[in-house]
Amino acid sequence: MNSYSASYKAAGVDVTAGYQAVELMKQHVARTVTPGVLNGLGGFGGAFKPDFAGMEEPVLVSGTDGVGTKLRIAFLLDKHDTVGIDCVAMCVNDVVCSGASPLFFLDYIAVGKNYPEKVAQIVSGVAEGCVQSGCALVGGETAEMPGFYPVDEYDLAGFCVGMADRKNMIDGSSVQAGDVLIGLPSSGVHSNGFSLVRKLFNISERNINMYMADLGMTLGECLLTPTKIYVKPLLAAMQKVSINAVSHITGGGFYENIPRMLPKGLSAKIEKQSIPVLPIFTLMQAQGRIVERDMYNTFNMGVGMCVAVAKEEADAALCAFRTAGESAFIMGHVVKGDDGVELC
């Protein structure tokens, strides 16, 4: 390609760096190709042909999200190959709550200066997230925005489309009092609450690489741990048991997200002792002297997904999740009432 503009480059945008970034990321995108992908990178739109075989009433389910201020940790560590996993996870974990299988994903990377190798690192993480969730990375956009972002910083967001047969969709309407709530463990803080996290630890170059005995690793390593992707275990469990509702525990923690999956007149009673609270949360609570409710109203506390099943299905659901590699556990049950969430 002979596209080049000296004037545009003088203004801070190097179009040739963009072409180089695309070439570097192609090897990562190739890992995500699924049978529905009809074209490669470089076109004006990503084409995908969904397979409707066996579906009576196909429904598309979409989700979009970003990584948030967790990116500050990546900047300080100069490590950019995992935040893409977070970006994908935040989208596909939402989509699978409806019982939909993610089909394809697109990313948006806005940079102060296009460093092709760094952009390729970011996309390598996006590709890994797509592989973990079984969806294809069909396109995206890298926007060089000098004067808007500092030259060493960027923002990252994404968009996912999934599909489900309408009769198999999960919408929470079948949840009843007495249903058992099953928790799927998180891998860490995931990608929420980082404005508070950074304030609590006064994150800087000075302490980001500090080894923390309570964590068994440096603070930066712990905080940059990618968000766990639950798509394959959830879809596998859905093939074996009837799941009444699923909640992705993101920003707002238990108090905001669990009620979203419950019909009016029902609440969740959570047994705190059943939750494998991760050391990072215990450390943060002590560091900031944060009251318990605020912790459970901000962070996942060690639970990435909450799943509601009928009481008689609980054992089978636990078995299905564990067979799929998840250390699932009973974390409470559904009760009558409008309190939303009760911790006991």
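Which residues does UniProt list for "domain: PurM-like C-terminal"? The unreviewed entry gives residues 176-340.

## The model and the domain

This is a predicted model, where local features need pLDDT of at least 70, side-chain atom pairs count only at pLDDT 80 or more, and totals for chains, interfaces and linings use all residues. Residues are numbered from 1 along each chain as its sequence is written, and side-chain values use heavy atoms, without hydrogens and water.

Residues 176-340 are 31% helix and 21% strand. The end C-alpha atoms of this span lie 14 Å apart. Helices (H or I, at least four residues) and strands (E, at least two) are DSSP runs, numbered from the N terminus.

## The sheet

Six strands form an open, mixed sheet. Their order is E8-E10-E5-E11-E9-E12. Strands E8 (245-248) and E12 (341-343) are the edges, each pairing on one side only. Pairing takes at least two DSSP bridges between two strands. The twist averages 25 degrees from one strand to the next.

E9 (residues 266-270) and E12 run parallel, joined by three bridges. Here Lys 269 stands opposite Glu 342 in E12.

The axes of H6 (residues 194-201) and H10 (residues 279-288) come within 10 Å and cross at roughly 60 degrees. Axes are lines fitted to C-alpha atoms, for helices over the stretch in contact, and angles run from 0 to 180 degrees between N-to-C directions.

In H6, Val 197, Leu 200 and Phe 201 meet residues of H10, among them Ile 280, Leu 283 and Met 284. Contact means heavy atoms within 4.5 Å.

Note on methods:
UniProt positions are given in the numbering used here, feature names are shortened, and annotations may be inferred rather than shown by experiment.
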